[in-house]
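Please open the structure in your viewer and get your selection tool ready. We will take a short walk through its salt bridges.

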Amino acid sequence: MTKPRPSKKIQKLDVSGSGSLLGASGQTSNISGTSNDYVRGIAGLCEGMIEGLPNGAQDIQLNGTPVVNPDGSANFVDAIYFQPAFNWDIRLGTLDQTPFPDSLGETVIEDNVGVQCFSNTPVTRTVVNQNMNAIRIRVAVQLENTYNGNHSESDLAFTVDIQEGTGAFVNRLNTSIHGRFTDFTVFQYLFPVDETVNTYTIRLTNLSGNTTQDRTGNLQWLTISEVTQLGIAYLNTACVYYSFPSTLFSSDPGVSLLIAGKIFAIPTNAAIAPDRNDRGLNFSGAWNGLLYTPALATSDPAWAVYGIITAPRQNGGLGFDPSTVNIYDLYNCSVYNNQLVSDGFGGTERRYTFNGLITQQQPTLDTVRSICATFAAKPYWDGVQLCFWQERTGTALPRILCNADVSGGKFTPSSGEFQTISTVSNVYWSDPGNNYQSTPETVEVNDAIQTYGYISEDFTALGATTRGAAIRAGRRVIYSSLPKYAKQISFDCRPYSIFFKPGEIVQIADSGRGRQRKAGLIAAATSTSVTLDAETTISGNSGNYILVTLTDSAGNIYTEQSLITNPPGSNYTVINLATPLPTLPAIGANWQIVDGAVAINLYRIISIEPNTSDDNLFSIVAKYYDSNFENLIESFSNLSVLPSATTGAPTIMEPPVGLTVTLTQPSYFLDSHWTQPVRVDGSLESYTSYYIAEYKQDSGGQWGNRITNSQPYASWNVSGLSTDTWFVRVAAVATNGVVSQWITVQATIIVTPPAH
């Protein structure tokens with residue numbers, strides 16, 4: 001014989017309206033109804049047009065949980081109507097976009113009503129407003145059956161009719177609220193109206209009985225709101241609208257969006273890679289100097305810079321006329337940015353990308369400089385245009401300088417200060433695998449550590465979303481700080497340097513350091529010989545050559561190179577050339593012999609400006625240049641995949657597993673059990689804080705009767721309720737408040753034989 005299950009006290013857990021309690025004189029149902037008050041908001045995303053949310057609601061997360069799963073199922077469901085609870089809409093920032101249908105752009109005049117609506121006794125109110133185009137009413141409901149000592153759910157039906165002007169009353173709402181509401185619970189309803197009239201009469205009718213000894217059924221009309229929906233379109237501003245029931249969260253949820261960002265014009269010979277993880281540019285053919293607006297957002301920062309600079313000031317830009325921006329400098333940067341380099345895992349990725357947010361309020365020019373820094377570029381004004389130079393390996397012959405070019409015949413060297421040296425970089429980057437959270441990557445250069453010790457520096461790699469990009473940024477910081485690469489030289493140069501530009505490479509022959517004269521100014525020249533301004537010696541090395549400065553037909557100076565036919569010897573004043581010069585050099589132009597006898601140093605010009613004391617001079621600062629520098633930055637050992645993070649709470653919480661639900665009859669105990677969430681790597685999620693469990697009756701019923709528990713089970717006493725179809729859903733909550741997806745199971749019925 002099977003013993004009947006003894007009655008027991010159900011543990012009351014930490015929520016309002018949680019697991020039902022056995023009463024002394026009857027059965028108490030749970031408080032199952034909720035208000036239909038909604039939270040609504042509009043969030044500005046970007047000034048100008050963006051690509052948007054390519055995956056729709058999958059790209060929106062609430063407290064770390066996606067609104068919609070990849071299979072299209074919703075993770076947040078309305079407890080009353082059993083439909084997706086989070087509603088959203090987006091505008092991409094075009095100049096012709098329309099307002100949101102349920103926009104927050106409205107003015108409201110709220111009129112207090114504050115009357116009880118009794119059964120079949122209509123209550124009417126009239127408002128006069130020639131500007132309104134909608135009416136919102138708020139009612140409060142108190143509802144409960146108390147027959148025979150029980151406390152159970154009941155129903156309350158009511159209608160809303162509206163008369164516009166002198167027309168007839170038209171039914172606008174006929175609804176019934178079902179549930180148990182021991183306290184007054186607020187519901188609101190919005191009705192669009194004809195804005196061409198100015199008088200509106202609203203009639204509210206309670207179709208259910210009044211409160212009796214066995215039933216509480218109170219309907220209060222709280223307010224009427226005269227609503228003028230302005231329909232603000234927020235032109236040229238990308239924004240998202242959202243709404244959700246006020247009961248969905250106990251506090252403001254964290255809302256995050258994975259946005260495919262701002263759209264910028266790109267060169268006509270470029271196409272954006274379609275992969276969302278690679279929005280770099282692929283170039284084809286020659287460029288005609290024109291741009292077009294693509295449908296996708298590119299990750300190439302060069303065109304973000306151009307877009308910001310040329311955007312009008314009212315749109316957050318600098319307002320530059322495009323003709324005053326050197327677009328060809330940016331094109332050259334763009335081509336270099338999009339070349340493929342090692343990603344550290346045996347594959348390739350773009351050299352420079354930018355996938356970041358500009359959220360800090362700062363001058364727009366500072367924003368431009370910050371983005372330029374992400375692709376090792378700097379802007380400068382050349383007197384006519386805003387130009388750009390980039391740290392990349394030089395391909396043209398360098399400019400040449402000697403002591404005769406500078407004031408006093410001296411180059412003033414300087415080295416990087418010792419205290420600025422870094423040998424280790426802790427680079428913070430946005431990790432897609434960690435929900436784009438700021439993630440540290442430690443970058444070490446062992447040779448530097450052995451020489452200078454362990455000197456670390458922390459910094460954020462703006463817009464970096466791969467480990468390879470973070471490591472390259474860290475190596476650039478380290479190598480740039482080392483004395484060999486940080487040394488600079490400064491000098492005041494003759495007017496000839498007006499042709500120089502920041503970023504160009506100069507080759508300096510300093511007789512003060514080499515103790516030999518290997519450079520100077522040309523005294524005379526033919527197409528096959530150059531007469532020097534002083535005697536020089538030619539070493540016995542092979543491949544000796546001379547560099548001379550020439551001027552083209554447009555008046556631009558450039559460097560030409562030719563092998564020397566003079567045999568080794570000294571006291572040479574005439575140098576014979578193996579190949580004729582394309583044009584004769586000007587008297588006083590530069591010459592420089594490279595024969596291996598004296599070290600020739602290369603520098604990159606980083607600034608040039610008129611000398612404040614002498615109008616005939618230009619003050620120049622140049623930094624040591626090594627043609628292997630970029631290769632040092634981009635060459636690093638293959639990376640290993642990092643293990644799953646186990647030192648912090650997850651940004652996406654896994655749901656519980658193994659949910660089982662049973663309904664025992666005739667005692668009607670609804671029992672549910674499950675096990676701890678499991679990470680992707682198979683380990684148990686140790687940062688589980690507690691669980692949320694709810695049940696509903698029938699497939700179209702209401703979710704409610706919430707229980708929170710730190711243990712993996714929940715039970716309810718549901719006796720006195722007629723249905724045999726029950727569902728339970730459970731979610732896990734991490735220690736950082738991130739909520740998992742729900743898992744739902746229908747109860748299996750277990751019938752217990754009666755006692756004999």
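There are 20 salt bridges here, each being a side-chain nitrogen of Lys or Arg within 4 Å of a carboxyl oxygen of Asp or Glu. Bear in mind that this is a predicted model, in which local features need pLDDT of at least 70, side-chain atom pairs count only at pLDDT 80 or more, and totals for chains, interfaces and linings use all residues. Residues are numbered from 1 along each chain as its sequence is written, and side-chain values use heavy atoms, with hydrogens and water left out.

Select Asp-161 and Arg-203 to begin: their side chains form a salt bridge at 3.5 Å, N to O. Asp-161 sits in strand β9 (residues 154-164) and Arg-203 in strand β12 (residues 199-206), 42 residues apart. Strands (E, at least two residues) and helices (H or I, at least four) are DSSP runs, numbered from the N terminus. Asp-161 is buried at 9% relative accessible area, while Arg-203 is partly exposed at 25%. Buried means under 20%, exposed over 50%, and partly exposed in between (1.4 Å probe, protein chains only).

Next, pick Arg-517 and Asp-533, whose side chains meet at 2.9 Å, N to O. Arg-517 lies in the loop between α7 (511-514) and β32 (519-525), and Asp-533 in strand β33 (residues 529-538).

Now move to Glu-694 and Arg-706, a salt bridge of 2.7 Å, N to O. This pair links strand β42 (residues 688-697) with strand β43 (residues 704-709). Glu-694 is buried at 6%; Arg-706 is partly exposed at 28%.

Finally, select Glu-391, Arg-476 and Glu-630, which salt bridges with shared partners join into one network.
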